[in-house]
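Subject: Structure handover

Hi,

Here is the structure I promised to pass on. Please open it first, then read my notes below alongside it.

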Amino acid sequence: ANVYIPKMVKQTDDANITPADYTVWLPSLPRRLSDEDHPKYEELLANHFRTVLSSAAKNPTEDPSVVQSVTLIHDYNGAIMKFTNKGTYLQELENTRALSKRASTSGREKVSARYTRKAVNLEQKIQRVEQTLRDQAKMTDESRAVVSAFVTFSHEHHKEKVLDEYRFARHPLFLLCQPERLRFQGTRINVKEACEPTDLYWQNLDFDPWKRRLRKALVLVLTFLVLVVCSFFVASLESLSDTQAGSMQEPIWVLVNTADSGISCINFCDWQLYGNAACDSEISADVVRIFDASGTTTLSISQLSDGSCAGSNWTVCNKNSDAVSNTTQAWLGIEFESAQAVKCMKLKQSEINSASYAKEMQPLACAEGVPPTTAAGLFAWDPHQSCQSMELVYPSSPTLSGKLSVVTDTSCATDPAEFIKYEVAVLAKQSSGDNALSDPTYTCFCKQQARSNMAGFMTPPWSSKEEELCSDWSMDMALTYAKLLGSVFAITILNELLLVLYKHFIAWERLTTVTEVAKSQLWKLFLAQFVNTGLLIFLVNAEIKDYPGILSIIQALSIGQGSYYDITGQWFTVLGTTLVITILIEVCTSTLMPILESTVIHRIKHRYYRKTKVTQDALNEAYMRPEWNLSLRLAQTLNVIFCVVMYSGGMPVLYFVGALYCLGAYWMDKWCLLKGSCRPPAYKQDVVRMAVVMLPLAAFLHTAVTGWAFGNQVLLPSEWSRLKPLAEQVFGITESEYDSVTEAYRMGVADGITLDWVKARFLDFAREAAWPQLLVFLASCIYYIVYYLWALVLKPFLSPFTFLVREWVLNQVKKWTAGRDLPIPDPDNKNMMCWTDAVEEMKTKGVVASYRLSKNPNYHAAYKALAHTANLVKRGSNPPTPATTNSSRWWGRSLGSGRQSTTSGSECDKDLRDTGRSTGSVTATDAPVV
């Protein structure tokens, strides 16, 4: 941002001639001079800069024609906006009268009468606007206050010399000590680089700067309120998409010893099942029976409720210790009188052999009547064939297993040899009754059957028995996809509505340049889109327990009321899909909409207007291609890049999505800008610079999310790295405190996102799997702390000293090289050409070469209204006419008035005067020039 962008700006500036190369902007002129001097404001200002250049310490300039024009910006009290509205009505009135005349000539009297009535309505609107301009018509430029001015010089090096003379005025402290020779009429003035003429918002140039600052503050508050409302809306949409995992509700639960448990016999002494994820609400339903793989059955639960493990226990061994498989693994089952939703369990194994205990087990949920009732049947029964598998659980010790979450295993076998049998799926659906769609066995069977041809399998009519069995699942999946796509499209539409809303907010701010408007739109649109697309889906599904007091309002937005306090495999399965689909749709809509608007919508507008637009102004408006919205495209691009970079560490497929977006966006935006859009205004580099400055924040978010995922010891177990002592100091937690916190979460004593949990998870950044993210994360934190400490605290106090240091360094460099002399202009260098030749070259390239309002194509309607009002003034019509000697001058220099130097000067300047191309000398006989 500080190297490449200035380099490209310099290359572009050297390759092109624009008015800003010769012009400076004076934002702080005295509003009024004495009664004698105020009418001569332009001449006095031009003479002031001639004096400044002639009295310069190095390379003084005595050329009286050094100042080519002075364009004063007068205070019209916001009337330019009214003139613009009036000009629009005038153009529409002219077109309506032409249509009425055409209809009358062709004998269509009814059509002509309709257009005549419309013309009468437009005339009434124009009269109402003219009534509001009555006071403005009474005033002349000589009586108006001056807001600011643009001063154009004959050569570019003259402008650079003036900026060099006023370089100390850039800081308020040095402005107080401004020499008398640099002051204008005794007033301290500031001189800045001028923007391009097409970058100006003329209707806002005379707005009070303090009122503008107040409006900016109010818009900032309104932006926050809009984000709160949008967050509530998006959170509601996320809740409709049903992204949280459901729980199984079955009467029979089985706990199976796995092949990787490390033991062939399990000694149970306490097995507790809970109905909530916190493991604090034990299931109290009556037990029908307890049974195991050996065929043993009992109605007593006493052997599974010995918390001390001092008495008898239940021992179950694998049927064949030589070859462990699903049919030989040991298991223990319990059947309740009614279906129960088990969400958590705790387990104690015998202390007789504490060194050897089952370190891996798998719960299963079975429907009523599925397990056999005889000993022989139980001995031959394989629970995996007819029960729904839960995720594996890992007891941490034989006596304290900790909280073991019972979560449905959403993975579904992809190997056809392991597919669920049709008979098992039928039995699962029958046993589930009305809750078949929540039965994982039934849903997994349908997923496996639809894997080869999902569209054909889900679309009715259903011909095969498998399709008929899964008809309810197919309809539910179609509804689920519809809800998901509906919520995603709703977010996309919401982003478009925010564009319209923020457009009105920013217009109310009354900013002075198109660049400022684009910057304001950029950060507001990006913030809203990124929150809606990338952050809310993460926050809504998070389980937050500790809220800072200042953030308690977010609880009302359903934020932090989810079921995930860590990034786990299930988090990627449930939320990752929604996030990827949302990003993909955002990629498609953001790149295709400009193309659609430039081709289809533009041509439809042509066909619609070709019979109702007949005047040149109306045709220009109808056939003008749409504007290429730079701020919107930058905001959309930043949104996609931030979402991709933020989550790509855990979902690498997003890298492909991001690369595809960059490739498509480059070529589509290039075509749309060059072929499908009107010529954009001359933006300054500030808009792109703001976007580039935001990009490091995406890397910071990437390191935070990726380090959090890579440090998860369930997903990627790893040892501590050498950075652990550093992490302990930075995050304020020791290894012993870390063990205490994580143990509490494993045992179910604590859950949800708390401050201690966040510290412990940040310490996981020091693991071998995540230490690179830790380094980048800490470097990013240091960068942003230093950056904002400088920008918000130190810069207001230290900037005068840094400015002096920079000036001293530049002074020393100049002394070493050849002093502070500015370069002598080279006549053969086109960047050193005089203003007259530059104007001719700009005209050949279609560049607006004047700071006058009349030369700005975006304000043609306002200029037309000014000319119309001036004619009324001349004729003595309404509005009232000012003095005859001033009647042409009050509109002749409105907002964009200027004077050309009449003193003989260089040959280049003499050619300008001889050809009559004056930049603003207005007499009573001149044509209207604004």
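Of the protein's 930 residues, 48% count as buried. Keep in mind that this is a predicted model. The accessible surface comes to about 45,300 Å². Carbon and sulfur atoms hold 59% of that surface. The protein has 29 helices and 15 strands. Now take the contacts between residues at least 6 apart in sequence: 78% of them join residues at least 24 apart.

Next, a helix pair. Find H16 (residues 514-540) and H19 (residues 630-647). How many Å apart are their axes? The answer is 8 Å, and the helices pack at an angle of about 30°. Angles under 35 degrees count as roughly parallel, so H16 and H19 are roughly parallel to each other. Their crossing is right-handed. On the H16 side, the residues that meet H19 include Leu522, Leu525, Phe526 and Phe530. On the H19 side, Leu634, Leu638, Phe642 and Met646 are among them. By class, this contact has 15 nonpolar residues, 7 polar ones and no charged ones.

Thr443 lies in helix H12 (residues 440-450). Its relative accessibility is 13%, so Thr443 counts as buried; the cut-off is under 20%. Leave aside its neighbours within four places in sequence, and Thr443 is in contact with Ala436, Leu437 and Trp473.

Ser350 sits in a loop, between strand E11 (344-349) and strand E12 (361-366). Is Ser350 buried or exposed? Ser350 counts as buried because its relative accessibility is 4%. Look for Phe268 as well: it is 82 residues from Ser350 along the chain, yet their C-alpha atoms are separated by 6.1 Å.

Last, some backbone details.

- Pro460 and Pro461 are joined by a cis peptide bond, with omega about 5°. Pro461 is in the loop between helix H13 (454-458) and helix H14 (465-469).
- Asn77 is not a glycine, but its phi is positive, about 55°. Asn77 lies in the loop between strand E2 (67-74) and helix H3 (79-105). With a relative accessible area of 65%, Asn77 is exposed.
- Gln185 also has a positive phi, near 55°, and is a residue other than glycine. Its loop runs between helix H7 (172-175) and strand E4 (192-193). At 43% relative accessibility, Gln185 counts as partly exposed.

Best wishes

Definitions and conventions: Residues are numbered from 1 along each chain as its sequence is written. This is a predicted model: local features need pLDDT of at least 70, side-chain atom pairs count only at pLDDT 80 or more; totals for chains, interfaces and linings use all residues. Side-chain values use heavy atoms; hydrogens and water are left out. Helices (H or I, at least four residues) and strands (E, at least two) are DSSP runs, numbered from the N terminus. Buried means under 20% relative accessible area, exposed over 50%, partly exposed in between (1.4 Å probe, protein chains only). Contact means heavy atoms within 4.5 Å. Accessible areas come from the Shrake-Rupley method with a 1.4 Å probe; for residues, only the protein chains shown count as cover. Axes are lines fitted to C-alpha atoms, for helices over the stretch in contact, and angles run from 0 to 180 degrees between N-to-C directions. Angles under 35 degrees count as roughly parallel, over 145 as roughly antiparallel, 65 to 115 as roughly perpendicular and the rest as oblique. A crossing is left-handed if the near helix is turned anticlockwise from the far one by less than a right angle, and right-handed if clockwise. Ala, Val, Leu, Ile, Met, Phe, Trp, Tyr, Cys and Pro count as nonpolar, Asp, Glu, Lys and Arg as charged, and the others, Gly among them, as polar.
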